[in-house]
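Welcome! Here is a short briefing to read alongside the structure, with the main points sorted by topic.

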Amino acid sequence: MSEDTKPRIKQTETLDPKDWAAFHADAHRMLDLALEKMMTAREGRVWTPFPDPLKSRHSKDLSGAGFGPEKTQSQIEALLPYGVGNTHPRFFGWVHGSGTPSNLIADIAASAMNANCGGRDHAAIYVERQVVAWCRDMFDFPETSSGLVVSGTSMATLIAVKAARDKVQAFSARQTGMSGTKLVGYTSSEAHSCIARTFDILGLGTDALRKVAVNDAFQMDTDALQTAIQADMDAGFQPFLIAATVGTVNVGSIDPLLEISKIATKHDLWMHIDGAFGACAILADGQKAKLDGIEAADSIAFDFHKWLHVNYDAGLALMRSEETHRRAFAANPDYLKRADEGLAAGDPWPVDYGPELSRSFRALKVWAQLAEHGPDKLGRLIDQNCDQAQYLAELVDAHPKLKRVAPVDLNICCFVYNGDEALNEKIVIRLQTDGIAAPSTTRINGQLAIRVNITNHRTQYSDLDLLVAEIIRIGDELSVV
Ligand SMILES: *Cc1c(COP(=O)(O)O)cnc(C)c1O
């Protein structure tokens with residue numbers, strides 16, 4: 001065949017399935033397995049360590065030809081039993097939401113649409129705006145507020161604190177950087193590390209985040225806050241932000257928001273709320289009074305994947321001033337030019353409110369959770385968890401071998417089994433490795449404690465009876481030498 005008799009049409013390749021019927025069957029099989037996993041969430045072990053053969057399978061190099069569809073799917077299926085355990089009713093570690101079966105449906109739809117939600121004019125943008133508006137109303141924020149659905153509270157904190165930092169410098173740091181500033185901010189000694197991390201990432205430095213002492217209830221001591229602000233001003237520093245916590249990670253305490261907001265107003269400081277899980281208690285009739293003052297904040301960072309049980313991951317940066325929010329992030333390069341019509345319409349775009357351009361349609365699963373279950377039921381489940389934490393506190397207080405080490409204000413109960421720290425640590429590890437339950441540990445006033453956090457819509461009171469009985473059984477067993 002000579003050069004000019006070669007066919008002109010070249011063969012093309014695609015990543016679509018060669019055999020759609022087989023793909024259909026595979027997809028249905030995975031759906032059945034996923035549903036089975038969710039239907040049986042209460043059964044079996046809480047956590048199972050990832051087995052060695054699978055660890056070694058996942059440490060092998062990738063061959064040029066890949067695995068093909070069957071082997072790939074079978075290897076995905078093999079992962080299903082080895083989650084963190086947070087779908088189980090006796091997962092009580094750290095702060096994890098437990099997810100919902102119906103969020104699976106939203107995830108499938110979002111994946112099929114494969115929308116890039118950095119901007120442009122398409123359905124997902126309107127869904128995200130509705131999520132932001134619903135949250136704005138939840139916290140009684142004004143219509144001029146704005147928000148961005150992000151991966152979680154860490155990212156939301158970064159966005160909020162950057163806006164606060166830029167505003168106090170009339171947005172000049174966006175061009176000139178951070179050299180020579182003496183900005184300082186305040187949070188309590190119980191605050192989550194994501195606030196210090198934000199100070200690091202934003203070039204403020206972690207030293208510029210002052211850790212204010214807490215009172216006996218683990219809430220920020222506002223006298224100490226006043227003193228720290230005054231001392232910094234006297235020393236030539238420039239206070240710009242107070243980050244209050246609604247639901248501290250150790251014990252679930254809530255900083256005194258009304259007093260903090262007065263101090264923030266007096267000194268013209270930005271009031272930020274880390275409400276990762278606790279802010280959602282605004283939906284719970286039995287808890288919301290504890291959050292009085294949150295509506296005065298300049299920004300709130302919180303998670304949908306914790307107490308609203310949206311499947312990982314999703315959080316929100318909610319900002320009182322849309323203008324400040326946009327001025328802290330917007331930039332308009334030619335290739336992202338807006339139009340009045342067509343696909344490039346729909347200004348403002350999410351990219352104007354945060355560091356990410358390409359973004360998934362994360363807002364859909366949030367929207368679906370709020371839309372299907374409604375704020376009333378989601379709030380009742382938060383009250384249920386708080387009541388369960390009180391119930392656990394009663395069990396602990398009634399048991400001669402257990403001692404509570406912190407008050408229970410929301411959903412976290414910290415206590416120790418009668419014995420040393422090493423024993424308490426061992427009890428928690430045994431509960432986890434035996435698959436019985438998964439609390440975690442923390443330090444309360446320097447002392448190691450068993451920490452039970454209940455952000456779990458599947459937990460029943462009997463799960464807490466079982467937890468206490470097993471702690472006593474294991475503790476007694478390990479105490480006999
Ligand atoms: C979980 C948590 C965070 C961090 O949130 P992510 O969603 O994990 O980034 C921050 N603050 C508190 C109080 C938390 O509980």
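This is a predicted model: local features need pLDDT of at least 70, side-chain atom pairs count only at pLDDT 80 or more; totals for chains, interfaces and linings use all residues.

The protein splits into domain 1 (20-82), domain 2 (107-372) and domain 3 (374-480).

**How domain 1 meets domain 3**

- The centres of domain 1 and domain 3, taken over C-alpha atoms, are 32 Å apart.
- Contact between the two involves 5 residues of domain 1 and 10 residues of domain 3.
- About 610 Å² is buried between domain 1 and domain 3, and carbon and sulfur atoms give 49% of that area.
- On the domain 1 side, the most area is lost to domain 3 by Arg 42, Val 46 and Trp 47, which together make up 67% of what that side buries.

- Arg 42 and Asp 463 form a salt bridge through their side chains, at 2.8 Å from N to O.
- The interface also has 4 residue pairs in polar contact.
- By class, the domain 1 side that touches domain 3 consists of 3 nonpolar and 2 charged residues, with no polar ones.

**The ligand site**

- The ligand has 14 residues around it, of which Thr 153, Ser 154, Asp 274, Asp 303 and Lys 306 come nearest.
- Thr 153 places a polar backbone atom 3.0 Å from an oxygen atom of the ligand.
- Ser 154 uses its side chain instead, with a polar atom 2.6 Å from a ligand oxygen.
- His 305 has a side-chain N or O atom 3.0 Å from an oxygen atom of the ligand.
- On its own the ligand has 380 Å² of accessible area, and the protein covers 85% of it.

Key
Residues are numbered from 1 along each chain as its sequence is written. Side-chain values use heavy atoms; hydrogens and water are left out. Domain bounds come from an automatic or database domain assignment. Contact means heavy atoms within 4.5 Å. Buried area is the accessible area (1.4 Å probe) that two parts lose on being put together, summed over both. A salt bridge is a side-chain nitrogen of Lys or Arg within 4 Å of a carboxyl oxygen of Asp or Glu. A polar contact is a pair of N or O atoms within 3.5 Å; within protein, one must be able to donate a hydrogen and the other to accept it, and residues adjacent in sequence count only if both atoms are side-chain atoms. Ala, Val, Leu, Ile, Met, Phe, Trp, Tyr, Cys and Pro count as nonpolar, Asp, Glu, Lys and Arg as charged, and the others, Gly among them, as polar. A residue is near a molecule or strand if one of its heavy atoms lies within 4 Å of it. Accessible areas come from the Shrake-Rupley method with a 1.4 Å probe; for residues, only the protein chains shown count as cover.
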